[in-house]
Amino acid sequence: MKSCATPSNNHRVSVKAPYKSGSFSFQTKVVLLLICGIVVFSPLVDGGTTHVAVMIIRLGILTLLGCYLGFGISDGKLCVPRMAPGSAVVAYLGLAVASTVWSPYTNQSMQWLLILLSYAVFLYLLVASLTTWQCIGVAVAVLCAVGCFEAVWVLVQTLWYGVKRASGTFFNPNFVAGYLAAIWVVIFSVAGYFFSGRKKWICATPARTLSLLGVGILLGTMLAAVLLTQSRGGGVVLLY
């Protein structure tokens, strides 16, 4: 659920369904392009950890925030999403701020605090911007494509180039394993929803069979890539 504050005479807050069907407007296309651009770019340059990559990612998030505020103001309303893990996110950020204040390494801690804050802002913008099932489908498809690319590259590094612990486009095998494990969970969750019988279009036997086969191959490829990294952290993400 989300609440949209509209400039009415009584200053009422309207509550609408969180997701609906609809065509892409110009504003939706711009926001969706920015989101997909951040998702695609973030792991490509050493996992987004270099100075240039971090700068581009932060500028992308700031641009997305500016578009969200600008489009909302032009429409005369700003939608405030209600996120279930909102309290947990605030508590975690509060702990991060306290740790930064007490940390003996102020500069390094400040950088990590900025990273966590940018993650929180990006999560908020995702929930606020992806308001239709079509938008969610596009974002998930782009995320799956990036994860598939990383998994295939890990397999190529391991099987073709003989790398003992492949790291994909990341600089650390543990990082790419955690990244792939998180995407694996997303794909598994989406597949479980669509194959649960709630979506009528997937009930046809040929489409269902081909879809199950494709999802199975994708999940198997990502699982193999996680195992080839020999990362215990990636295994923990998959288990929990």
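Tutor: Relative accessible area sorts residues into buried (under 20%), exposed (over 50%) and partly exposed in between, using a 1.4 Å probe and protein chains only. The model here is predicted: local features need pLDDT of at least 70, side-chain atom pairs count only at pLDDT 80 or more, and totals for chains, interfaces and linings use all residues. Residues are numbered from 1 along each chain as its sequence is written, and side-chain values use heavy atoms, leaving out hydrogens and water.

Student: OK, aromatics then. How many aromatic pairs does a search of the whole structure find?
Tutor: Rings of Phe, Tyr and Trp (its six-membered ring) pair if their centres lie within 6.5 Å. Run over the whole structure, the search gives a count of five.

Student: What kind of pair do Tyr68 and Tyr124 form?
Tutor: Planes under 30 degrees apart count as stacked, over 60 as edge-to-face and the rest as tilted. For Tyr68 and Tyr124, the centres are 6.1 Å apart and the planes make 85°, which puts the pair down as edge-to-face.

Student: Which helices do Tyr68 and Tyr124 lie in?
Tutor: Helices here are DSSP runs of H or I, at least four residues, numbered from the N terminus. The pair ties together parts 56 residues apart in sequence, because Tyr68 sits in α2 (residues 51-75) and Tyr124 in α4 (residues 106-129). That makes the helices α2 and α4.

Student: Is Tyr68 buried or exposed? And how does Tyr124 count?
Tutor: Tyr68 has a relative accessible area of 12%, so Tyr68 is buried. Tyr124 reaches 25%, so Tyr124 counts as partly exposed.

Student: And how are the rings of Trp184 and Phe188 arranged?
Tutor: Their centres are 5.3 Å apart with the planes at 5°, so this pair is stacked. Both belong to helix α6 (residues 173-198), where a spacing of four residues is about one helical turn. Trp184 is buried at 19%, while Phe188, at 49%, is partly exposed. Back to your question, the pair is stacked.

Student: Ser109 meets α3 from α4. Which residues does it touch, beyond those up to four places away in sequence?
Tutor: Contact means heavy atoms within 4.5 Å. Ser109 is in helix α4 and is buried, at 16%. Leaving out residues up to four places away, Ser109 touches Thr100 and Ser103.

Student: Now α1 and α5: at about what angle do they pack?
Tutor: α1 covers residues 26-41 and α5 residues 133-159, with their axes 10 Å apart. They count as roughly parallel, and contact residues include Leu32 and Val39 of α1 and Val138 and Val142 of α5. Their packing angle is about 20°.

Student: How far apart are the C-alpha atoms of Ile136 and Leu32?
Tutor: Ile136 is in helix α5 and is buried at 18%. Along the chain, Ile136 and Leu32 are 104 residues apart, yet their C-alpha separation is 9.3 Å.

Student: Last one: what is the phi of Gln230?
Tutor: Most residues other than glycine have a negative phi. Gln230 lies in the loop between α7 (205-228) and α8 (232-239) and is exposed, at 52%. Although not a glycine, Gln230 has a positive phi of about 55°.

Notes: Axes are lines fitted to C-alpha atoms, for helices over the stretch in contact, and angles run from 0 to 180 degrees between N-to-C directions. Helices (H or I, at least four residues) and strands (E, at least two) are DSSP runs, numbered from the N terminus. Angles under 35 degrees count as roughly parallel, over 145 as roughly antiparallel, 65 to 115 as roughly perpendicular and the rest as oblique.
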